[in-house]
Amino acid sequence: MDITKYEEGFYILDDGRVREFLITGEEEALLIDTGFADSRTAEEAEKLTKLPLKAVLTHGDMDHAGGLSDFHECWVHAGDAHMIPQNISVHELQEGEHITAGNYDFEIIHIPGHTYGSIALLDRDKRLLLPGDTVQKSGPIFMFGENRNLDLYIESLKKLLGYADWAEVILPSHHGCPVSREYISYCLQDAMELRKGTLEGKDHPSLPCRSYRGKWTEFYF
Ligand SMILES: [Zn+2]
């Protein structure tokens, strides 16, 4: 696991496949996403803080929720509650709700599309956006199979554009990191081309989807 101290009390954990964010507060630490089941994210986080960990999910995909076996409860948007193992108590996150730890105050923005319960976390003072998988440089952004909706994804990127002034730094869960605020509109433009059918697709060698490369990012659709 590659660990970067982004700022005092803010760590980026990256196992080469997916990254998580650890923010230490006074009484607890936020663990934003838990990685794959074999990422050992909680174990790594516990080397960085002795505080109890509060697992907050950007969405319910297995590369973000896989580490929940180390937890009894998690915070996730209702749209992805069905993706969480039954033995984990779910606290539903609401649009506009704030989650705080240490110097960070994150507002929850519901951005359905990649999954129905995808959220972004925005700290307006820090000018920092954690978009989960919705904004990515290069990609691929998974948009095939159940739980995905391209039209909602496009609407959510338009919604995120409204927050772009506060999103000076974007820390995505995969691939290039950090990325600039322009990637919100870049992903939107590519997604709209995908919807129009103007991107050329090719069969993926092992996944049940086709890959479509846009100007800035790629979709598995
Ligand atoms: Zn992911």
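1. Helices (H or I, at least four residues) and strands (E, at least two) are DSSP runs, numbered from the N terminus. A cis peptide bond, with omega of about 10 degrees, joins Gly-139 and Pro-140.

2. The model is predicted: local features need pLDDT of at least 70, side-chain atom pairs count only at pLDDT 80 or more, and totals for chains, interfaces and linings use all residues. Residues are numbered from 1 along each chain as its sequence is written, and side-chain values use heavy atoms, with hydrogens and water left out.

3. Pro-178 belongs to the loop between strand S13 (169-170) and helix H4 (182-196). Most residues other than glycine have a negative phi, and most peptide bonds are trans.

4. Arg-40 is not a glycine, yet its phi is positive, near 55 degrees; Arg-40 sits in the loop between strand S4 (29-32) and helix H1 (41-48). Arg-127 likewise has a positive phi, of about 55 degrees, although it is not a glycine. The loop that holds Arg-127 runs between strand S10 (119-123) and S11.

5. Which residues coordinate the zinc ion? They are Asp-63 (OD), His-64 (NE2), Asp-133 (OD) and His-174 (NE2), at 2.0 to 2.2 Å. Donors are N, O and S atoms within 2.8 Å of the metal (3.2 Å for Na, K and Ca); water is not among the atoms, so sites may look incomplete. Along the sequence, the donor residues follow the spacing D-H-x68-D-x40-H.

6. The angles among the four donor atoms of the zinc ion are 86 to 154 degrees, and the site is irregular. Four donors count as tetrahedral if all angles lie between 85 and 135 degrees; four count as square planar and six as octahedral if opposite donors are over 155 degrees apart and all others between 65 and 115; anything else is irregular.

7. Asp-63 counts as buried because its relative accessibility is 11%. His-64 is buried too, with a relative accessible area of 0%.

8. The largest pocket holds about 400 Å³ of space. Of the 19 residues that line this pocket, the closest to its centre are Phe-36, Asp-61, Asp-63, Phe-142 and Arg-148. A pocket is an open set of points on a 1 Å grid over the protein atoms alone, where a 1.4 Å probe fits, with protein on both sides within 12 Å along at least five of seven lines; lining residues have an atom within 4 Å of a point. Grid points are joined across faces, edges and corners, and a volume is the space filled by probe spheres set on the points.

9. By class, seven nonpolar, six polar and six charged residues make up the lining of the largest pocket. Ala, Val, Leu, Ile, Met, Phe, Trp, Tyr, Cys and Pro count as nonpolar, Asp, Glu, Lys and Arg as charged, and the others, Gly among them, as polar.

10. Is Leu-68 buried or exposed? Leu-68 is buried, because its relative accessible area is 1%. Its place is in the loop between helix H2 (62-65) and strand S6 (73-77). Ile-109, in strand S9 (residues 104-110), is also buried, at 0% relative accessibility.

11. Lys-159, in helix H3 (residues 150-161), is partly exposed because its relative accessible area is 31%. Arg-127 counts as partly exposed as well, at 32% relative accessibility. Asp-165, in the loop between H3 and S13, counts as exposed because its relative accessibility is 57%. Asp-165 and Arg-127 are 38 residues apart along the chain, and their C-alpha atoms are separated by 8.0 Å.

12. The unreviewed UniProt entry places the feature "domain: Metallo-beta-lactamase" at residues 17-174. UniProt positions are given in the numbering used here, feature names are shortened, and annotations may be inferred rather than shown by experiment. In the model, this span is 15% helix and 30% strand, and its end C-alpha atoms lie 7 Å apart.

Key
Buried < 20%, exposed > 50% of the residue type's maximum accessible area, 1.4 Å probe, protein only.
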